[in-house]
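Here is a short report for a first look at this model. Please keep the structure in view as you read.

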Amino acid sequence: MKTVSEVRRSLPRAAWWVACLCVSVVVLQPLYVMISQSLKSTSEATQSPPTRYPHGISADNYEALGNTGSVGIWTHVGNSLFVSIGATLLTVVLATLAGYGFAKLRFVGSGVLFFLILATFMIPFQAVITPLFSILHTLGLNNSLTGLVLVYTTFQLPLGIFLMRNSFAALPASIEEAALIDGCGYVSAMVRVMLPVAVPGLISTALFTFFTSWNEFFAALVLVTDEAKFTLPVTLTVLASNQLGALNWGIMQAGVAVTAIPCIVLYLVLQRYYVAGLVAGAVK
């Protein structure tokens, strides 16, 4: 199978740029529809067939997005930030400790335990939603954002452990040995010497967890029933419907734009670490 560089060298320069332009149009077209639809007036946003571009820039949909609902859209933004940041911090800490243990500390059954953790990838989330509901009810965390943080952390840990284990395993053993000779313990060597070198894996784990928690819909819909605790994806399904059940495309696209902005900004700022973290440990 040819790599991207080999395909690029085999094509004329003009054909390469035409192919890149076509791919860019396919990727950017949904983003253009989202932004343009959110900037149309309420009457223009509901026209059928829809217009290709806004005939007048309007912020009506964004104003309606902020004024609808019983608690306001910013409460739901805060709920999404709470569960996303909480799950990200918890996953990063636990995945770092577990990843370091699997990569650098040899103990009986470590291979089997790591295999069992990876095997949880094969369990569909929807298959365990009922047991999760019962567990949260027993712990008194049903219908709470803290319970949602624990659920998201549970399902992001296998991937986080996999990434951090590969990141630590890719580092030369001599770095850790030098730290131990200089008087560091295992925890101190991990925090002060190994972790700064494994930053790409750490950031990839954090990005994956944040994006998944920020956009997750099914668990938030099932496990949280109080409207004041709804996260953004659940809130958008409520705000997008008019009184007669018709879909309000303008408000929905404005909500999607508000939801997408944090993810796009985070990815653009941290993308150079993102790829490095994914391929860590792939070659030695």
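## Annotated spans

An unreviewed UniProt entry annotates "transmembrane region" at residues 14–35, 81–100, 112–133, 145–164, 193–214 and 249–270. These positions follow the numbering used here, feature names are shortened, and annotations may be inferred rather than shown by experiment.

The model is predicted: local features need pLDDT of at least 70, side-chain atom pairs count only at pLDDT 80 or more, and totals for chains, interfaces and linings use all residues. Residues are numbered from 1 along each chain as its sequence is written, and side-chain values use heavy atoms, leaving out hydrogens and water.

Residues 193–214 are 95% helix and 0% strand, with end C-alpha atoms 32 Å apart. Residues 112–133 are 59% helix and 0% strand, and their end C-alpha atoms lie 29 Å apart. Helices are DSSP runs (H or I, at least four residues), as are strands (E, at least two), numbered from the N terminus.

## Nonpolar cores

The largest nonpolar core has 18 residues. Such a core joins buried Ala, Val, Leu, Ile, Met, Phe, Trp, Tyr and Cys residues through side-chain atoms within 4.5 Å. Tyr100, Ile161 and Phe168 have the most contacts inside it. Helices α5 (73–104), α6 (110–119), α8 (145–169) and α10 (186–197) each give two or more residues to this core.

Another core, of 17 residues, lies apart from it; Val151, Ala220, Leu223 and Val234 are among its members.

## Helix α7

Ile129, Leu132 and Leu136 are the buried residues of α7 (residues 129–139). Buried means under 20% relative accessible area, exposed over 50%, partly exposed in between (1.4 Å probe, protein chains only). The buried residues pack against α8 and α12 (218–223), with contact meaning heavy atoms within 4.5 Å.

On the other side of α7, Thr130, His137 and Thr138 are exposed. Just after α7, Gly140 takes a positive phi of about 75°.
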